[in-house]
Amino acid sequence: CLNLYKKFQNEWDQEIFDQLQSTSIAFAIDCVTIEGETNNGREEMVARISIVNFFGLVTYDKFFKPIWPVVDYRSNVTGLYADNFTEASFLNRELESLQTLLKGKRLVGYGLTRILFTIGLSHKIILYRDITSFHKFLTITPKRTPTLKEISEHFLNKTFSEVPYDPLNNAHIAMLLYIKYKNEWEDDTFEIKAKQNIKQYPNKYKTSPVSVYYTGILVNSTLGKFKAIGRITIVNQYNYCTYDKFVRPNNVTVVNCFTNQTGIHLADTMYGDTISQIRYDLKHYLK
């Protein structure tokens, strides 16, 4: 048997990998970026994408050639240098296969909106399993979004260095978190629990006390720089997150999201709801 395995090891291993890949119910994803110079100023470019399947196997891990002249490799944070891209792929040639790989699968990650926007992928929101939105993880730092490292230390008893930034490690951590809390995560989505609560305890659900938190970002307008609301979160008396929305600023430019402290990224504000939309939501939610 051992001799047979040695003879056909590569084919055998690939067949098993393909079987695990096709049966994987979820993938975890992360990416890292560098800065390039365009005609419109500096822009982020995807430098590396890492994907892990439900069984913890590395499904995808590639570097990508810069599409614009590189201004900053952010080497002190990313650990990346020009040498990392000598045999890199072109991202635009990979997007279709990536889209096919992830189609119909639950997608786990820390800040999925930002990740997918940066890469240029689309995915059904109902299949998002965003670590920054799962209520259990938000409880350790109620007034801000905890970092992936903080969540990992608290819930997995695993620590890691945030520098250099390692998207493959982050994808592994994200999948471990999902696997550990999968049943609770799937059963405890906002839509399911809200409908159950309203149906079972209509009066109690409407009148129960809640805590409202907001996270500030720095914006710039014709009047100068000032702090604006970047995210609004509501937690009920059972410590369950019942409302969590990013805010899209109107007629101002976002200067600083303070991402390390807030967990908010520029892409989150671009795809957030307007203040008028949120005001309408809260008017009906809190009345």
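Modeller: Helices are DSSP runs of H or I with at least four residues, numbered from the N terminus. The model is predicted.

Biologist: Which helix holds Leu-266?

Modeller: Leu-266 is part of a helix that covers residues 266-270. Counted from the N terminus, this is helix 13.

Biologist: Is Leu-266 buried, partly exposed or exposed?

Modeller: The relative accessible area of Leu-266 is 48%. Buried requires under 20% and exposed over 50%, so Leu-266 is partly exposed.

Biologist: Moving to the strands, how many of the 13 residues of strand 1 are buried?

Modeller: Strand 1 covers residues 26-38. It is largely enclosed by the rest of the structure, because the number of its residues that are buried is twelve.

Biologist: Which strand is joined to strand 1 by twelve bridges?

Modeller: The partner runs antiparallel to strand 1 and covers residues 41-53. A hairpin of two residues links the pair.

Biologist: Which strand runs parallel to strand 1?

Modeller: Strand 4 (residues 70-72) has two bridges to strand 1, but it runs antiparallel; there, Gly-36 stands opposite Val-70. The parallel partner covers residues 106-109 and is joined by three bridges. Its Arg-106 stands opposite Ala-26, and the strand is strand 5.

Biologist: How many disulfides does a search of the whole structure find?

Modeller: A disulfide needs two cysteine sulfur atoms within 2.5 Å. Cys-31 is buried at 3% relative accessible area, and Cys-257 is buried at 6%. For the whole structure, the number of disulfides found is zero.

Biologist: Turning to the backbone, what is the phi of Arg-74?

Modeller: Most residues other than glycine have a negative phi. Arg-74 lies in the loop between strand 4 and helix 3. Although Arg-74 is not a glycine, its phi is positive, at about 50°.

Biologist: What is the relative accessible area of Ser-152?

Modeller: Ser-152 sits in helix 7. Leaving out residues up to four places away in sequence, it touches Asn-157, Lys-158, Phe-160 and Ile-173. Ser-152 counts as buried because its relative accessible area is 0%.

Biologist: Is the peptide bond from Val-163 to Pro-164 cis or trans?

Modeller: Most peptide bonds are trans. Pro-164 lies in the loop between helix 7 (148-155) and helix 8 (167-180). The bond from Val-163 to Pro-164 has omega near 0°, and is cis.

How values were computed:
Residues are numbered from 1 along each chain as its sequence is written. This is a predicted model: local features need pLDDT of at least 70, side-chain atom pairs count only at pLDDT 80 or more; totals for chains, interfaces and linings use all residues. Side-chain values use heavy atoms; hydrogens and water are left out. Buried means under 20% relative accessible area, exposed over 50%, partly exposed in between (1.4 Å probe, protein chains only). Two strands pair if DSSP finds at least two bridges between them. Contact means heavy atoms within 4.5 Å.
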